[in-house]
Amino acid sequence: MIKFEKFKLSNGLTVIHHLDKSTPLVCLNILYDVGSRDEDESRTGFAHLFEHLMFGGSVNIPSYDEPLQRVGGENNAFTSNDITNYYLTLPSANIETAFWLESDRMLSLAFSQKSLDVQRNVVIEEFKQRYLNQPYGDVWLHFRPLAYKVHPYKWDTIGKEIKHIEEAKMDDVKSFFSKHYFPGNAIMVVTGNVMLNSVQHLCEKYFAPIPQGEKLKRNLPKEPPQEAKRTLKVETNVPANAIYKGWHMCKRTDEQFYAYDLMSDILSRGNSARLYNELVKNQQLFSEINAFCLGDYDEGLFMTMGKLSDGVTMEQGEAAIDKEFEKLKTELITETELTKVKNKVESTLEFSEMSILNKAMNLAFNELLGDAANVNKESEKYQRVTSAQIQAEAVKCFTENNASVLYYHKKN
């Protein structure tokens with residue numbers, strides 16, 4: 001159970017506080033309600049570019065990292081299709097430094113041409129190294145536009161193509177900042193060894209003077225139901241053939257999500273899971289295979305991906321995958337197997353509450369999805385899932401008409 005207090009500043013900034021006296025540290029997490037799904041299709045990769053630009057210095061603080069490191073702090077950030085999340089941890093005695101740094105870059109990021117050029121080059125290099133020049137690195141660049149035809153999940157967070165980042169202009173960057181980076185579009189969570197009255201005082205001092213901004217109303221196109229199987233063949237320099245197969249599923253906020261998440265654990269969590277046990281260990285068709293749901297805020301994907309053993313054809317591999325998914329549709333999961341995966345989820349949730357950073361992120365995610373209090377209801381939602389519910393969702397989801405398949409061939 002994570003106990004917390006929540007309040008809102010007059011400028012719209014939502015603030016959540018969780019006291020943890022067992023640590024000498026404090027974590028400050030700021031989640032901005034903007035991800036790659038909020039980009040213009042002709043200017044993709046901006047949410048991720050901004051993640052980098054936010055460390056390029058603000059008007060009053062030329063270097064973000066330097067003052068934080070001087071007081072024993074560390075920081076990082078990440079971008080997804082749905083959010084951009086910034087976090088830092090530091091000794092609780094130096095908490096004011098965190099408020100000073102985060103408020104200044106929310107209010108007045110330094111839009112210098114030098115910073116834009118530097119960070120643009122960093123992102124372009126990341127695009128090349130992680131997505132284009134790494135084995136299987138471009139999988140999502142192929143798979144997303146195969147599975148999505150309308151919704152902006154059809155491009156990855158890095159962007160559709162390098163030229164969108166290469167051609168990013170200062171006006172584009174400033175416009176993106178003013179649209180998405182302001183108090184009313186953010187959730188701040190402070191966890192650790194700091195009292196509520198201190199957090200309230202620092203919020204008023206550093207964040208309350210920032211103008212509220214106007215929250216945009218999202219009007220994203222809804223992906224229509226898929227009516228036929230989609231396939232794509234890619235051939236490139238990789239060590240082994242691989243299959244990537246995905247089906248459209250529900251949103252992260254839907255009650256059915258928990259059934260899908262448990263299905264992914266039944267299939268691939270640990271060496272006793274079905275896919276590993278049957279397809280890697282027993283039949284030796286794959287050298288590795290796993291399944292997972294992306295957990296997107298809008299309707300997402302349930303994925304399975306595996307690397308084929310030498311001599312195994314794509315047809316053999318996919319038929320073996322389909323057979324395991326067919327079992328979910330035709331055979332009820334035993335109470336023993338279901339209890340085992342539920343216990344694993346329970347231990348993961350319990351373990352995540354040991355870290356002030358995990359608690360901060362979980363509170364922020366749940367608040368954005370509707371209510372931070374839901375962080376304490378996750379376990380209960382998993383426990384409520386029945387074998388019959390899992391079977392019903394499997395029957396509904398795992399059809400060939402709902403499937404997209406990427407056949408990733410190695411060059412001979």
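The model is predicted, so local features need pLDDT of at least 70 and side-chain atom pairs count only at pLDDT 80 or more, while totals for chains, interfaces and linings use all residues. Residues are numbered from 1 along each chain as its sequence is written, and side-chain values use heavy atoms, with hydrogens and water left out.

Empty space is a friendly place to begin. Rolling a probe the size of a water molecule over the atoms shows where empty space is left. The search uses a 1 Å grid over the protein atoms alone: a cavity is a set of points where a 1.4 Å probe fits but cannot get out, and a pocket is an open set with protein on both sides within 12 Å along at least five of seven lines. Lining residues have an atom within 4 Å of a point. Grid points are joined across faces, edges and corners, and a volume is the space filled by probe spheres set on the points.

The second largest pocket has a volume of about 470 Å³. Its lining is made up of 19 residues, and those closest to the centre are Asp38, Glu39, Lys179, His180 and Leu216. Sorted by class, this lining has four nonpolar, four polar and eleven charged residues. Here Ala, Val, Leu, Ile, Met, Phe, Trp, Tyr, Cys and Pro count as nonpolar, Asp, Glu, Lys and Arg as charged, and the others, Gly among them, as polar. Helix 7 (residues 170–180) gives the largest share of the pocket lining, five residues. Helices (H or I, at least four residues) and strands (E, at least two) are DSSP runs, numbered from the N terminus.

Helix 7 has a buried side of its own. Its buried residues (under 20% relative accessible area; exposed means over 50%, partly exposed in between, with a 1.4 Å probe and protein chains only) are Met170, Asp172, Val173, Phe176, Phe177 and His180. They lie on the same side of helix 7 because they cover an arc of only 165 degrees around the axis, the arc being that of the directions from the helix axis to the C-beta atoms. An α-helix has 3.6 residues a turn, so residues three or four places apart point the same way. The face turned away from the buried side of helix 7 carries the exposed residues Asp171 and Ser178. The packing partners of the buried residues of helix 7 are strand 3 (25–32), helix 1 (46–53), helix 3 (95–107) and helix 4 (113–132), where contact means heavy atoms within 4.5 Å.

Two cavities of 30 Å³ or more are found in the structure. The largest cavity holds about 50 Å³ of space, and among the residues that line it are Leu109, Phe111, Met170 and Val173. At least two lining residues come from each of helix 4 and helix 7. This lining has seven nonpolar, two polar and no charged residues. The second largest cavity holds about 40 Å³, and its lining has three nonpolar, one polar and five charged residues. Helix 12 gives the largest share of that lining, four residues.

Helix 10 (residues 274–282) has Arg274, Leu275, Leu279 and Val280 as its buried residues. These cover an arc of only 155 degrees around the axis, which puts them on the same side of helix 10. They pack against helix 9 (257–268), strand 9 (286–293), strand 10 (301–308), helix 11 (314–330) and helix 12 (335–352).

A few single residues complete the picture. Gln284 lies in the loop between helix 10 and strand 9 and has a positive phi of about 55 degrees although it is not a glycine. Gln284 counts as exposed, at 55% relative accessibility. Tyr136, in the loop between helix 4 and helix 5 (139–147), also has a positive phi, near 65 degrees, but Tyr136 counts as buried at 12% relative accessibility.

Asn11 sits in the loop between strand 1 (5–8) and strand 2 (14–19) and is buried, with a relative accessible area of 4%. Its side chain reaches the backbone oxygen of Phe207 at 2.8 Å, and a polar atom of that side chain lies 3.4 Å from the backbone oxygen of Ala208. Such a polar contact is a pair of N or O atoms within 3.5 Å; within protein, one must be able to donate a hydrogen and the other to accept it, and residues adjacent in sequence count only if both atoms are side-chain atoms.
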